[in-house]
Amino acid sequence: MAVQLESNVQEKVNTWLEGNYDIDTKAVIQDLIDSEKTTELTDAFYKDLEFGTGGLRGLIGIGSNRMNRYTLGAATQGLANYLNKTFAGETIKVAIAHDCRIKSDEFARITADIFSANGIKVYLFESLRPTPELSFAIRLLDCHSGVVVTASHNPKEYNGYKAYWVDGSQVVAPHDKNIIDEVNAITSIDDINFEGNESLIEKIGSSVDEKYLDHLLTLSISKDAIARQKDLKIVFTPIHGTGVMLVPALLERLGFENVTVIEEQAEPNGNGQFPTVVYPNPEESEAMNMALEKAREIDADLVMGTDPDADRVGIGAKNHHGELQLLNGNQTASLLIYYLLNAWKESGKLTGNQFVCKTIVTTDLIDNMADAYGVKCYNTLTGFKYIAQVIREKEGLEQFIGGGEESYGYLIGDAVRDKDAIASCGMIAELTAYAKDKGLSLFDMLMEIYKQFGFYYEGLISLTKKGKSGADEIQQMMADFRANPPKTLAGSEVIRMDDYKALITTDLRNGTRYEIPSGKMGIESSNVLQFFTTDGTKFTCRPSGTEPKIKFYVGVRAPFEKKEDFDAVYASLKDKVKAIGDELGLK
């Protein structure tokens with residue numbers, strides 16, 4: 001063999017060539033060898049796909065570090081083994097859903113076959129469905145676990161696999177580690193039982209849809225405002241994804257009569273190519289362009305777009321200059337929480353026993369608002385599974401109002417235990433109607449929040465580092481920040497460092513160290529660093545758990561007194577975030 005590979009990579013390649021893998025897979029591997037594609041072989045085999053903040057996710061292709069029937073099969077067999085051990089003697093049930101991506105339906109069927117082959121009852125959605133509906137179905141059907149085949153908003157070349165637990169949340173410790181142990185215990189492809197048992201597979205669909213929609217209608221707060229603003233002009237795009245299955249139906253049932261769906265993006269794209277966008281992520285303005293163009297054409301009040309598996313939603317509204325502007329995830333989360341807190345206060349439901357929840361990289365404006373309403377705000381690691389963990393641990397003790405994260409994921413109520421863009425679209429449309437009923441736009445409401453609590457601005461610097469060399473570079477960057485914390489950020493002294501890997505808080509002024517409580521409330525050891533300055537700036541470093549990226553989150557704030565100051569204050573805070581990125585060399 002002319003190609004020279006590291007020993008661990010060569011060992012995995014040999015296993016796939018010599019093992020009971022299909023002929024086509026072996027042919028692709030051999031072609032890479034014959035073509036001396038060392039980099040491609042290394043990237044495909046240098047490690048195994050692992051559960052990150054979003055489960056199993058990777059490029060579709062051959063290899064242990066790719067998403068394919070074998071890596072998915074090993075994950076499913078490991079999960080099946082764990083379920084059979086954990087719930088021995090019970091009739092174990094799982095629910096499975098999938099999105100519109102390449103091979104999603106095929107992967108969902110393989111998953112169903114493996115579970116059923118292991119004696120597990122399977123409820124398999126008959127066609128694509130939103131991720132939050134899978135969470136709802138687990139709880140509705142008293143399942144022990146569930147799986148949704150999706151790579152969320154990743155590029156079209158990716159697919160993935162999220163595993164859920166009995167409460168409808170993504171798996172967290174100790175179950176995630178235990179499942180990985182079971183997966184790692186599968187040393188041969190022959191350990192995976194691909195032979196499905198049709199008698200244990202039941203198709204589900206419209207009946208679950210109806211129960212889910214009925215639940216979402218119970219979340220509505222301002223029915224009178226909707227009735228008065230039923231002609232609110234709404235533009236919605238599912239960006240070729242699963243949102244089209246339920247968002248238009250929900251808006252109609254809520255009473256909105258003037259909803260325009262972007263037809264060119266309404267058909268779920270069967271081969272996962274997302275033909276009208278480069279990147280099917282509502283966080284990216286390019287993905288929202290068609291919806292924004294239609295909104296300008298019809299003078300819409302609100303634009304909403306969901307990602308392929310409909311757990312995230314991006315929105316746009318007219319700003320103070322009358323121009324349509326996309327809001328970021330922190331702004332949308334703040335609007336939702338503000339609306340919910342106000343509504344609960346007005347209805348006399350705030351007793352001091354309620355809470356909201358967010359991730360540590362999400363705006364601290366939410367903490368400030370919750371405190372003003374006498375509501376607790378819990379902060380978790382990045383990943384909605386940690387917010388779900390807090391809801392579970394507080395169940396029966398405290399009442400969950402809502403929560404969210406900066407990456408465009410939000411949750412209202414606790415019947416679903418993952419971010420829910422379907423419910424969020426309904427509530428965002430409602431709060432827009434509520435604001436308009438008071439003569440305000442969404443942007444006006446946001447400025448009212450800033451006047452009351454301060455102008456919070458958050459910037460994200462995301463660096464892509466692909467392959468093994470990229471992964472090594474990311475680890476080195478984290479090691480450098482950990483060993484040499486910045487002294488100042490934009491001229492403000494850095495006074496505290498929170499190291500979530502070591503679970504230690506350090507007062508950088510005197511070296512005093514404190515332990516960060518872990519093991520519950522959404523906190524565990526994770527490779528995340530946070531730095532805090534005297535002027536309230538927060539800087540976070542975090543390698544992505546689902547993409548070859550390292551992310552830097554910068555949160556700054558300033559007083560805000562009147563609408564006329566918005567542009568100047570915004571520009572000042574934006575410049576401050578850029579200055580911090582520049583001085584740290586984050587390019």
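Me: Which residue in strand 20 does Ile504 stand opposite?

Reply: Ile504 stands opposite Glu515 in strand 20. Before going on, note that this is a predicted model, where local features need pLDDT of at least 70, side-chain atom pairs count only at pLDDT 80 or more, and totals for chains, interfaces and linings use all residues. Residues are numbered from 1 along each chain as its sequence is written, and side-chain values use heavy atoms, leaving out hydrogens and water.

Me: How many bridges join strand 19 to strand 20?

Reply: Two strands pair if DSSP finds at least two bridges between them; strands (E, at least two residues) and helices (H or I, at least four) are DSSP runs, numbered from the N terminus. Here three bridges join strand 19 to strand 20 (residues 513-515), and the two run antiparallel. They form a hairpin with five residues between them, and Gly511 in the turn has a positive phi of about 80 degrees.

Me: Which way do the residues of strand 19 point?

Reply: In a regular strand the side chains alternate between the two faces of the sheet. In strand 19 (residues 504-507), Ile504 and Thr506 point one way, Thr505 and Asp507 the other, and all are buried (under 20% relative accessible area with a 1.4 Å probe, protein chains only; exposed is over 50%, partly exposed in between).

Me: Which residues of helix 10 are buried?

Reply: An α-helix has 3.6 residues a turn, so residues three or four places apart point the same way. In helix 10 (residues 247-254), the buried ones are Val247, Leu250, Leu251 and Leu254. They fall within an arc of 95 degrees seen down the axis, so they line one face of the helix; the arc is that of the directions from the helix axis to the C-beta atoms. Just after helix 10, Gly255 takes a positive phi of about 115 degrees.

Me: At what angle do helix 12 and helix 16 pack?

Reply: Two packed helices are described by the angle between their axes and the distance between the axes. Helix 12 (residues 329-346) and helix 16 (residues 442-453) pack at about 80 degrees, with axes 10 Å apart. They are therefore roughly perpendicular (65 to 115 degrees; under 35 is roughly parallel, over 145 roughly antiparallel, the rest oblique). Axes are lines fitted to C-alpha atoms, for helices over the stretch in contact (heavy atoms within 4.5 Å), and angles run from 0 to 180 degrees between N-to-C directions.
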